[in-house]
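Student: Hi, could you walk me through this protein model? I'd like to start with a salt bridge.

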Amino acid sequence: MYSKYIGLLGNASIYYVFMATVIIIHMEDRDMKNKFGIKEVVAIGIGTALFVALTEVQIPLGFIPNTALQPRAALLAFLAAVFGPIVGGVVGLLGHALGDALFYGSIWWSWVFPEAVFGVAVGLFAKKFAIKDGGFDAKNIVLFNIVQVVANAVAWILVAPVLDIVIYAEPANKVFAQGAWAFLGNIIIAGILGSLIAVGYSKIGGKSSSLSKED
């Protein structure tokens, strides 16, 4: 029963990602002069809502407790890579916190902050990825994946386990195992799904920019 609803939620989320992409792209030309403007605010709002909606869309790793492959990691990587560190950090922080609160009844802060760390780290390289400019070629795809792997390593192998120990006094062997598996799951999801979304967005954004210049 629950799997049916999760599947429907996943399909709806894909549709909303597409619609959000179209909306944000059409806002690009209205806000090109501002480093942080309307399109970033819209990206935070829509991105946070989608991140929360995708909280329960996951593939559990049964042999490691409380750890799963989560498509929302790809969404966060994509948003950070396109819109920069502020959007990435805020969506990661708010999205994870609200998702925990709504679906689990409490917020596990030691895994909320690493999500923000990841979003900020990937977002710092947004200009180099050139996704909005239609320049997300093979070279930049490789760069994106190098950055997301390193950012995931810092967030889940270092920050999350340390905060688990400091805040919740969790056993070190347990939390470092969870962090390692979360890292592995996230780099796979972000590497495949995140890259595909970014490539699609870059192609649409590049065409939109070209048409605007011709006009």
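**Salt bridges and a helix pair**

Tutor: Happy to! K174 is partly exposed, with a relative accessible area of 32%, where partly exposed lies between buried (under 20%) and exposed (over 50%), using a 1.4 Å probe and protein chains only. This is a predicted model, where local features need pLDDT of at least 70, side-chain atom pairs count only at pLDDT 80 or more, and totals for chains, interfaces and linings use all residues. Residues are numbered from 1 along each chain as its sequence is written, and side-chain values use heavy atoms, leaving out hydrogens and water.

Student: Which residue does K174 form a salt bridge with?

Tutor: With E170, and their closest N and O atoms are 2.9 Å apart. A salt bridge means a side-chain nitrogen of Lys or Arg within 4 Å of a carboxyl oxygen of Asp or Glu.

Student: And is E170 buried or exposed?

Tutor: E170 is buried, at a relative accessible area of 18%.

Student: How many salt bridges does the count come to?

Tutor: Two. K39 forms one with E40, with 3.4 Å between the closest N and O atoms. Both K39 and E40 are buried.

Student: New topic! At what angle do α2 and α4 pack?

Tutor: About 30°, with the axes of α2 (residues 38-53) and α4 (residues 85-104) 8 Å apart. Axes here are lines fitted to C-alpha atoms over the stretch in contact, and angles run from 0 to 180 degrees between N-to-C directions. Helices are DSSP runs (H or I, at least four residues), numbered from the N terminus.

Student: Which residues make the contact?

Tutor: Contact means heavy atoms within 4.5 Å. Among them are E40, I44 and F51 of α2, and V87, L94 and F103 of α4.

Conventions:
Helix = DSSP H or I, 4+ residues; strand = E, 2+ residues; numbered from the N terminus.
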